[in-house]
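Work through the exercises below with the structure at hand. Each task is followed by a stepwise solution.

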Amino acid sequence: MEVVFPATDEALADVNAFVESHLEEAGCKPGTMMKIMVAVEELFVNVAHYAYNEPGGEVHVSLDFEGDNMILSMKDTGTPFNPLEKADPDVGLGAEDRQIGGLGIFMVKKTMDELKYDYVDGCNIVTIIHKIK
Amino acid sequence: MTINKNQEGSVLHVALEGRLDTTTAPSLEEDLQNSIKDITELDFDFTDLEYISSAGLRVLLSAQKIMNKQGKMSIRNVNSDIMDVFEITGFTDILSIES
């Protein structure tokens, strides 16, 4: 199933509702739910903030289940951006030296079973795969 | 998200309820900017906080930096999902988390 959302922070609640309801239906474990929802927020907000130079951009969110796995993709037609190439932040630094940038993508990499990126026909396609049962 | 505050002298207790995410973090940041000016002890209660993302971590980090200069900050009653986020991001070493 696929739903198109405006690439704005305001749409986050609708994205959450879409993904959460299907995860619940699919029998996702509660502890896994929050990890997936954090990953969804970080990826969606990343597109909302950085993909488009003009207002009016969209994000196609598609969600599928295969066996015990959830497969979720976000597609945008904005600036090419591969989250896998983003440098990891140094999570060993103290409060004063800490840079907060990059922490969201870092969490996605750490918590999801798989994070994939494709650039096809002018579209960024970011996919996360995670076991939900 | 609901922010419940209770001040006793220079001690501020802040209980958060709901989700600390991209859409709610700015209101907490703005609230804290106004309320922690003369505070020496900032005490968060996360009993009813269900969710945190990097936008929430950003606000906690900036509050921690301010409190490092003027006193101390602590966080109580963190649920296991949120503790996972703190551990993955190394925030367990930055924040004072009381079990």
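**Exercise 1.** In this predicted model, determine in which sense β2(B) and strand β3 (residues 41-52) of chain B pair, and over how many bridges.

Solution. Step 1: the two strands, β2(B) and β3(B), pair in the parallel sense. Step 2: nine bridges link β2(B) with β3(B).

**Exercise 2.** Describe how β1(B) is joined to strand β2 (residues 11-20) of chain B.

Solution. Step 1: β1(B) and β2(B) run antiparallel and are joined by seven bridges. Step 2: B:Glu8 has B:Val11 of β2(B) opposite. Step 3: two residues lie between the strands of this hairpin, and B:Gly9 takes a positive phi near 60° there.

**Exercise 3.** Give the strand order of the sheet in chain B, and explain why β1 and β5 (97-98) of chain B each have a side without a neighbour in the sheet.

Solution. Step 1: the order is β1-β2-β3-β4-β5, an open sheet of five strands with mixed pairing. Step 2: β1 and β5 of chain B are at the edges with a single partner strand each, so one side of each has no neighbour in the sheet. Step 3: for β1(B) (residues 2-8), count the buried residues among its seven; the number is zero, so this strand lies largely in the open.

**Exercise 4.** Characterise the side of chain B that touches chain A.

Solution. Step 1: 18 residues of chain B contact 22 residues of chain A. Step 2: α2 (54-70) and α3 (80-88) of chain B each supply at least two residues of that side. Step 3: α2(B) gives the largest share, seven residues. Step 4: by class, the side has six nonpolar, eight polar and four charged residues.

How values were computed: Residues are numbered from 1 along each chain as its sequence is written. Chains are lettered from A and ligands numbered from 1 in the order in which they are written. This is a predicted model: local features need pLDDT of at least 70, side-chain atom pairs count only at pLDDT 80 or more; totals for chains, interfaces and linings use all residues. Two residues are in contact if their C-beta atoms, placed from the backbone, lie within 7 Å. Helices (H or I, at least four residues) and strands (E, at least two) are DSSP runs, numbered from the N terminus. Ala, Val, Leu, Ile, Met, Phe, Trp, Tyr, Cys and Pro count as nonpolar, Asp, Glu, Lys and Arg as charged, and the others, Gly among them, as polar. A residue is buried if 20 or more other C-beta atoms lie within 10 Å of its own, exposed if 12 or fewer, and partly exposed in between; C-beta atoms are placed from the backbone. Two strands pair if DSSP finds at least two bridges between them.
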